[in-house]
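Below are some notes on cavities and surface in this model. Please read them alongside the structure.

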Amino acid sequence: MSLQAVRYRRGSLQILNQRLLPEHSVYEEIPDVQAAWRAIREMQVRGAPAIAIVGCLSLAVELHQREEGASREDLASFALESLGHLVTSRPTAVNMARAAQELSDFVTREVKRPDSTAESFKENLICRIEAMLDKDIQDNKSIGNHGAKHIISRAKTEKVIILTHCNTGSLATAGYGTALGVIRSLWSMGCLEHVYCTETRPYNQGARLTAYELVHDKIPATLIADSMVSMAMKEKGISAVVVGADRIVANGDTANKIGTYQLAIAALHHRIPFYVAAPSSSCDLTLESGGQIVVEERPGKELTDFNGARIAAPGINVWNPAFDITPHSLITAGIITEFGVHEPGELRKALTDNAHRDTSHTC
Ligand code: MRU
C-alpha cells in the first residue's frame, strides 16, 4: 500500500503527523485554515508541494463547513484572507505562494461572473483546490519517468546507484514524490541497484522519513550522515545525485534543504551528474537569481536538542538556516520537471512554452 501523507474527502482533511514518524503513525484532523497554518509552521506537514496542498485543502474544508447564508462576496474575502495568511507560514518554498496567487486570481474572476451564486462560487473553488491533489501525483509520475530515462541514458552501468538528500517522497508531496519519485521510477523499471540517503541534519528528514519510505517500498538503501557524502562519492560508485527543490528561480539557482549546496560541490569534484527534480509549481520566474530567495531560519533548539534532550553545550550560539541555495552552474545534469529535463539556462523557456498545458480545472 502506498504511503499517504494527506487523507482528504470533501469536508474532512487529515495529515500524517511527520514529527512523530517513524515511531508513530498518527493522523491529525485539520478542521480549518488556522490548524493548517500551525501544522505547516510546526512541520507536522512539510515538503514544498505538501505544504501547498494541505494549506489549500484546509481552505476547501473550511469553505465546505461554512453555513449557508454567506454571500459570494463574503466567501471571496474569506478565501483571499485565508490564502494571504497561509503564505506566511513558511517563507522559502514557493509552492504555497504560487497556489495562493493562482487561487486568488480565480476567486477574483469567479466573484465577478454575473451568473455566479454563493453556492456555485463555493463549489467551483473547492473543485479547483481538489484538482491539485491529482495533478501533483500526475506531475510527480512524469518527473519520475523523465528523470529515470535521462539517468539511464547517460549511465555507464546497467543499474544505477543514486544519492539523495532530505525527504522528497510521498510524505513531501501528494504522493509518489519528486527526487524520490525518480528513484521509485528507476526501481520499477528494474534499473536501480542501490540508494544512499542522507540523514539530513538537523531535522533528520532523511533518517526519519526517506529511510521510512525506502524501507516501506523495499528499495535497497543505506543511510549515511551528511558528513559522509564526499566519502560515499569516492567509494560507493554513485551514478547520480538527485535532490528536490523548494524554489527554483529563473536562472536555475535552487533553494533546497540545507546541505544540498555542499552535495553539489562534492558531486562536481567527483564528476557525478547532479540533478534537481521538482514540479513547475516549485519554480519562481519572478526572481532572477538565488540571492533574492528568503531563506528560513529555524529555532536553535533543532540543532542543540535531540528528541527532547539537550546535546549541545549550554550557552553556545546557534545559526540554523533551513535551506541553502545551489547555484545553477553546479546543477550539471539538469532540472527535471513534469515537462522533461532542462538545462538550467533553458528553464524559463521550457516553463513558458509549456504554460498552456496547465491542466487545472473546475468540476
Ligand atoms: O523543511 P522541509 O522539510 O519542508 O524541507 C523541504 C524538503 O523536504 C526539501 O528541501 C525537499 O528537497 C523539497 S520538497 C519535495
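Is Val318 buried, partly exposed or exposed? The model is predicted: local features need pLDDT of at least 70, side-chain atom pairs count only at pLDDT 80 or more, and totals for chains, interfaces and linings use all residues. Residues are numbered from 1 along each chain as its sequence is written, and side-chain values use heavy atoms, with hydrogens and water left out.

1. Val318 is partly exposed, at a relative accessible area of 36% (buried is under 20%, exposed over 50%, partly exposed in between; 1.4 Å probe, protein chains only). Val318 sits in the loop between strand E13 (309-310) and strand E14 (323-326) (strands are DSSP runs of at least two residues, helices of at least four, numbered from the N terminus).

2. Leu303, in helix H10 (residues 301-304), is also partly exposed, with 30% relative accessibility. Between Leu303 and Arg271 the C-alpha to C-alpha distance is 32 Å, and they are 32 residues apart in sequence.

3. The whole structure contains four cavities of 30 Å³ or more (a cavity is a set of points on a 1 Å grid over the protein atoms alone where a 1.4 Å probe fits but cannot get out).

4. Among the 24 residues lining the largest cavity (an atom within 4 Å of a point), Arg46, Gly47, Ala48, Asn167 and Asp246 are closest to its centre. Helix H2 (48-65) gives the most to this lining, with three residues.

Technical notes
1 Å grid on protein atoms, 1.4 Å probe; cavity = no way out; pocket = protein on both sides within 12 Å on 5 of 7 lines; lining within 4 Å. Points joined across faces, edges and corners; volume = space filled by probe spheres on them.
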